[in-house]
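Hi there,

Here is the structure I promised to pass on to you. Please open it beside this email, and then read on for what turned up in it.

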Amino acid sequence: MTATPITGIAVIVLILAAGCGGSGTVGPKGSPSTASVAEPARATPTVSRGNLVIMQPYLPRPPVKDMAALYFTVRNTGPGTDHLDRVEVPGLSSDVTMHTVRNHVMVQMRGYRVPPHGTLVLRRGGNHLMLTGLTQMPKPGAEVLARLFFRHAGEIDVDIPVVSQTYVPTSP
């Protein structure tokens, strides 16, 4: 019997699907549980606009040269729902897509709902952003600009720190 090599994209899917979980949207009383592996404090900046607060953005150093994943948490302090409709990362990728993991399968999304007085969590094994066609290989310690487009709050620019592949954020 001979072994069949796994293609690069299959490896990426396996890496991103590790630790599959729920949708990453949490109501006002709930909070996601995450391990607390320390990384520099600069990996947890906060940016806000209107009722939205963007917390703990990070981009793990990509395991391959043409694809990366991006994660962060959005807290909605207001009484109305908002939606993350689009994300651009102009200095790194021209193709950013939204995904979630359902039943261990990565599914592309059109956007994410941010519930009133609730939280949207983008994390490994759940909601996340995929960047393909990278123009460069980001290294830990660097930052990339991400432009988030929300239906009601509008455009929010976030500096995303590049962290090690093993980084796990603390709970927001």
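Let me begin with a rule: a charge sits over a ring if NZ of Lys or CZ of Arg is within 6 Å of the ring centre and within 35 degrees of the ring normal. By that rule, the charged end of Arg86 sits over the ring of Phe149, at 3.8 Å from its centre.

A word on how to read all this: the model is predicted, so local features need pLDDT of at least 70 and side-chain atom pairs count only at pLDDT 80 or more, while totals for chains, interfaces and linings use all residues. Residues are numbered from 1 along each chain as its sequence is written, and side-chain values use heavy atoms, leaving out hydrogens and water.

Now the overall picture. The protein has 1 helix and 12 strands (helices are DSSP runs of H or I with at least four residues, strands are runs of E with at least two, numbered from the N terminus). Along the sequence the pattern reads α-β-β-β-β-β-β-β-β-β-β-β-β. Of the 172 residues, 41% are buried (under 20% relative accessible area, with a 1.4 Å probe and protein chains only; exposed is over 50%, and partly exposed is in between).

Next, the inside. A nonpolar core is a set of buried Ala, Val, Leu, Ile, Met, Phe, Trp, Tyr and Cys residues joined through side-chain atoms within 4.5 Å. The largest one has 29 residues, and Leu59, Val89, Leu129, Leu131, Leu148 and Phe150 touch the most other members. Among the elements that give two or more residues to this core are β3 (52–60), β4 (67–76) and β12 (154–163). Apart from it lies another core of 7 residues, including Tyr58, Ala69, Val163 and Tyr167.

Which two tyrosines form an edge-to-face pair? They are Tyr58 and Tyr167, 4.8 Å centre to centre with 75° between the planes (ring centres of Phe, Tyr or Trp, the latter by its six-membered ring, must lie within 6.5 Å; planes under 30 degrees apart are stacked, over 60 edge-to-face, the rest tilted). Tyr58 lies in strand β3 and Tyr167 in the segment after β12, so the pair ties together parts that are 109 residues apart in sequence. Tyr58 is buried at 3% relative accessibility, and Tyr167 is buried with a relative accessible area of 3%. Together with Tyr71, Tyr58 and Tyr167 form one aromatic cluster.

Happy exploring!
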